[in-house]
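Here are my notes for someone opening this one up for the first time. Have a look at the picture, then follow the points in order.

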2 protein chains.
Amino acid sequence: MRASAPSQEEIRRQNLGALLRFVHERGQISRAELTTELGLNRSTIGALTADLTEAGLVTEETGRETGRAGRPSLVVRARSETIFAYAVSVEVDQIRVARVGLGGVLLDQRSAPRAREGNDVISPAAAFITELTGPGRCVGAGIAVAGMVRRADGVVQLSPHSGGLAGQAIGESLRERLPGILPQVAVGNVADLCALAEHTRGVAAGCDNVIYVYGDVGVGAGIIAGGRRVIGHGGYGGEVGHMVVNPAGRACSCGSKGCWETEIGELPLLELAGSTDIGHAAVLAVVERAARGDAKAIAALRHVGEWLGFGVANLVNIFNPELIIFGGTLRDVYLAAAAQVRSRLNSVGLAATREHVRLRTPALGQDAALLGAAELAFQSLLNDPLA
Amino acid sequence: MRASAPSQEEIRRQNLGALLRFVHERGQISRAELTTELGLNRSTIGALTADLTEAGLVTEETGRETGRAGRPSLVVRARSETIFAYAVSVEVDQIRVARVGLGGVLLDQRSAPRAREGNDVISPAAAFITELTGPGRCVGAGIAVAGMVRRADGVVQLSPHSGGLAGQAIGESLRERLPGILPQVAVGNVADLCALAEHTRGVAAGCDNVIYVYGDVGVGAGIIAGGRRVIGHGGYGGEVGHMVVNPAGRACSCGSKGCWETEIGELPLLELAGSTDIGHAAVLAVVERAARGDAKAIAALRHVGEWLGFGVANLVNIFNPELIIFGGTLRDVYLAAAAQVRSRLNSVGLAATREHVRLRTPALGQDAALLGAAELAFQSLLNDPLA
């Protein structure tokens, strides 16, 4: 049921939020463009911008000469240096922390290796945040984890790759570890946050129906349908790695059999390629061996590429997206086996749904998880800039 | 990117729409409840109701005594008898047409058998509409089809079960066949429209994450995520019948192999049960035979029930819904094989996602497709009641 129309005060808040969101997503935007994009008159845009300037969120300066008659329009810029969030990415093999300015600017970052299944992520995250401290106002932090995150309270659920994080309210723990530093800490699934980042300022900008398939040991997806993130009832939407694609296949760490990640995850690829190493570097080594003509590496990538295309076809039939993005190790698998992926998509996908779907790699690369985590932290500021 | 806040005129339109939507979804609602639900003051509610009354869309009357002090609140009712839409359901074996009043009231309906793959649905639909004509104002018509419908123009796409409808703009054809009768005709997929109807006034009312799995010969789903219908880029979202669940399985009419509908559709059930009939009645006969202890019918229902649970588990992992509804022939299969469905869901679904999901049959039964098609027709009135 749709809510009723907003009050005057809510309208002002909405307009301030909409304007700040444009500035945040574009980095900088002229008053003239804002007038067009927001459909508000010049004096309203001027008043809103003045409010945001006074709050220290944006600056205005004279734009470049446009060659047209009249004064050049003022350009509104996000104050990225002084309005910032911390972004934490807890990955299978490493932990990364960044300070990200309003406008999605990566100001500085740190990383450290992490033992698989290691459970203390709070101490290294807190140490890096202390190290990265800068002048200005921190709006909070966002944490990306390769696990299922309960929407209600950010607690990581017991899931195949949550390791020692299961049951932990890592957001709340981080906030408590650094008293007075972090107004709020939000936690999200890494695939969801990569999708959010690419949708906000990457390859999926302007696309309303997008699936970001993220893989390392596990596989998950960030899904955007009709311009909105598919979160699910409890917050666990997008666990496509546990879509069973091969009932006759291998046992999965989730207890089921033939899950998609048992065919396209890092481990089956490395095993098929005869690699004894693990991790993203080992996957890249397989891709390199294949490029040099190593038959076993080529066969492994083809096998994984076919199953990648197979599962993507299922998702294309279910969602009818316009764009599929391959992230994590799947970026490299896709690039090395694009022909197999497309061929399987063509044989399994329905004509009407597969015809217009574009397959792409991320525009933000490794930064997507950090930028997505920062987006999560910026949401409350963007919803109500002067709160 | 979020649009800017609305103007005064848009606010009034939004409020009128929100109020009429409440009346439409509830059938009748007191002014006091509207004040609470919409968060508007009593005089605004009074003014909006007066506008809608004057436009002939609602009536007001004194409600029953509440036992509390003061005057009883006025009750606002939809004028279901005089504000109506036509709803057409093109099914595999029959075509149904109904006149549906504002508030979702089935005023009258007709049906006729249809030859499978028969391509002229316009003539019988137009004939029934003419027969069903009543006094008042027709807002348009909605058509539910068991096929893929292009969002941009309502053209039915070539798909496994679209039969002779492929390539036809059936909405436009129907509108032209009855000049001056139908202001607009919208077309949608039957599973999508059943989901819409159950979400508006059925078993899924108030649920934000719902999957309605509809089956007859083909299988499709209407999906609601975060309170919104998952439509897809071209309008083809929800083709879950062509999610491949059994790569070693049978050839599917779509050209692929092992699609979900090759395991749970009407045809494999009837074949396994040794039935030589087709259609919903034949499925019911199998269920009846199983209830009487027929071993072949029992085995067929168990087999289909297991694959039904298997595919549902995939969807539960992907969407994390709170509710799954089984419609069409799958209603009867589910009721006869609920244990198999739940058991497979438990073995394939992730703990966090499967734990809270409820499995249900439709509250609106066979009426869902008609009520959903009518919802489609009512949308423009609800978006802008005084246009």
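1. Let's begin with a single side chain: B:Asp294 is partly exposed, at 28% relative accessibility. Its salt-bridge partner is B:Arg289, with 3.0 Å from N to O. B:Arg289 is buried, its relative accessible area being 18%. For these words, buried means under 20% relative accessible area, exposed means over 50%, and partly exposed lies in between (1.4 Å probe, protein chains only). A salt bridge here is a side-chain nitrogen of Lys or Arg within 4 Å of a carboxyl oxygen of Asp or Glu.

2. Some housekeeping before going on. This is a predicted model, so local features need pLDDT of at least 70 and side-chain atom pairs count only at pLDDT 80 or more, while totals for chains, interfaces and linings use all residues. Residues are numbered from 1 along each chain as its sequence is written, chains are lettered from A and ligands numbered from 1 in the order in which they are written, and side-chain values use heavy atoms, leaving out hydrogens and water.

3. How many salt bridges are there over all chains? The structure holds 34. Side chains of opposite charge can pair when their charged atoms come close.

4. One of these salt bridges joins B:Arg12 to B:Glu9, with the closest N and O atoms 3.9 Å apart. Both sit in helix H1 (residues 8–26) of chain B, and because they are 3 residues apart there, about one helical turn separates them. B:Arg12 is partly exposed at 34%, and B:Glu9 is partly exposed at 45%. Helices (H or I, at least four residues) and strands (E, at least two) are DSSP runs, numbered from the N terminus.

5. B:Arg110 and B:Glu131 form another salt bridge, their closest N and O atoms being 2.7 Å apart. This pair links distant parts of the chain: B:Arg110 belongs to strand S6 (residues 105–113) of chain B and B:Glu131 to helix H4 (residues 122–132) of chain B, 21 residues apart. B:Arg110 counts as partly exposed at 25%, as does B:Glu131 at 47%.

6. Now for the sheet that holds S6(B). Chain B has an open sheet of 5 strands in the order S6-S5-S4-S7-S8, with mixed pairing; two strands pair if DSSP finds at least two bridges between them. At its edges are S6 and strand S8 (185–189) of chain B, each pairing on one side only. Strand S5 (residues 94–101) of chain B runs antiparallel to S6(B), and 8 bridges join them. Within S6(B), B:Gln109 is the bridge partner of B:Ala98.

7. What packs on this sheet? H4(B) does, touching strand S4 (83–90), S5 and S6 of chain B, with its direction at about 35° to that of S5(B). Helix H6 (residues 190–201) of chain B also packs on the sheet, touching strand S7 (137–145) and S8 of chain B, at about 100° to S8(B). Contact means heavy atoms within 4.5 Å; axes are lines fitted to C-alpha atoms, for helices over the stretch in contact, and angles run from 0 to 180 degrees between N-to-C directions.

8. Over in chain A, an open sheet of 3 strands has the order S1-S3-S2, with antiparallel pairing. Strand S1 (28–30) and strand S2 (58–62) of chain A are at the edges with a single partner strand each, so one side of each has no neighbour in the sheet. S1(A) is joined by 3 bridges to strand S3 (residues 74–78) of chain A, where A:Val76 stands opposite A:Ile29.
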